[in-house]
Amino acid sequence: MRLLIMGPPGAGKGTQATAVAEHFGVPAISTGDIFRANVAQGTPLGVEAKRYMDAGEYVPDEVTNNMVRNRIADPDADAGFLLDGYPRTLAQVTELDGMIEETGHKLDAVLVLTVDQEAVIGRLLKRAEIEGRADDNEDVIRRRLEVYGEETEPLIASYSERGLVVSVDGMGDVEEVQQRIFAALDDIDQS
Ligand code: B4P
């Protein structure tokens, strides 16, 4: 399976990605996690990414595309992958299409988590108390939601035209959302 998980910040992408990837026996690849690991290690990539992430802006496409290209070339992604947080721009969609085409495979589905905006702000503020992520303060969260609406939301219509979108209600507790996701994706896996 080659899957994407999409939704606004706080929709539960990272939360659900691990379980979904495990269910299908593929790695969950989160661009946000890779950036944060680089920031923590102080690599040149991390130093560059941090400037953007702390402001709620997207890291430039060129940087992100190269990072994903390298990661999905790793042997554990041969049998498939679940991409969490990528693509986020139309230019990234084009790049990803090229990367997948080169391997002779195709994208199977784009899982979209739908959520209520005020509820996700609440989730992220709660995470700020627990994890202290630099981009989880109210001003930056609102900017991230704005950037998502401008740059990423239009991707859903584009994937929808290609018949790839599987929309799942992301409200409710984590377990409940997970069961909805499995039910929706298992239908696809069997078709
Ligand atoms: P991400 O790490 O992808 O951040 P995110 O959108 O907030 O999602 P995340 O996966 O962390 O949170 P989730 O919704 O699971 O990106 C961070 C930054 O990296 C971006 O702003 C950007 O700067 C950069 N970046 C990443 N990818 C990029 C790309 N492709 N191009 C350019 N830049 C890129 O969960 C949020 C919280 O909600 C958690 O605390 C969780 O516990 C809670 N939660 C989840 N489900 C819940 C539920 N059902 N009920 C209650 N709480 C729930």
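This is a predicted model: local features need pLDDT of at least 70, side-chain atom pairs count only at pLDDT 80 or more; totals for chains, interfaces and linings use all residues.
Arginine 2 is buried, yet it has no salt bridge. The nearest side chain of opposite charge belongs to aspartate 108, and that one is 5.2 Å away.

What does the arginine 2 side chain reach, then? At 2.8 Å it meets the backbone oxygen of aspartate 78. The side chain of arginine 2 also makes a polar contact of 3.4 Å with the side chain of histidine 105.

Leaving aside residues up to four places away in sequence, arginine 2 touches a run of others, including Ala77, Asp78, Ala79, Gly80 and Phe81. Also among them are Ile100, His105, Lys106, Leu107, Asp108 and Ala109.

Now for the ligand. There are 29 residues around it, and those that come nearest are Gly12, Thr31, Glu57, Arg88 and Arg144. Here are some distances from protein atoms to an oxygen atom of the ligand:

| Residue | Part of the residue | Distance to a ligand oxygen |
|---|---|---|
| Glycine 10 | polar backbone atom | 3.3 Å |
| Arginine 133 | polar side-chain atom | 3.0 Å |
| Arginine 144 | N or O atom in the side chain | 2.5 Å |

How much of the ligand's accessible area does the protein cover? On its own the ligand has 990 Å² of accessible area, and the protein covers 88% of that.

Note on methods
Residues are numbered from 1 along each chain as its sequence is written. Side-chain values use heavy atoms; hydrogens and water are left out. Buried means under 20% relative accessible area, exposed over 50%, partly exposed in between (1.4 Å probe, protein chains only). Lys and Arg count as positive and Asp and Glu as negative; His and the chain ends are not counted. A salt bridge is a side-chain nitrogen of Lys or Arg within 4 Å of a carboxyl oxygen of Asp or Glu. A polar contact is a pair of N or O atoms within 3.5 Å; within protein, one must be able to donate a hydrogen and the other to accept it, and residues adjacent in sequence count only if both atoms are side-chain atoms. Contact means heavy atoms within 4.5 Å. A residue is near a molecule or strand if one of its heavy atoms lies within 4 Å of it. Accessible areas come from the Shrake-Rupley method with a 1.4 Å probe; for residues, only the protein chains shown count as cover.
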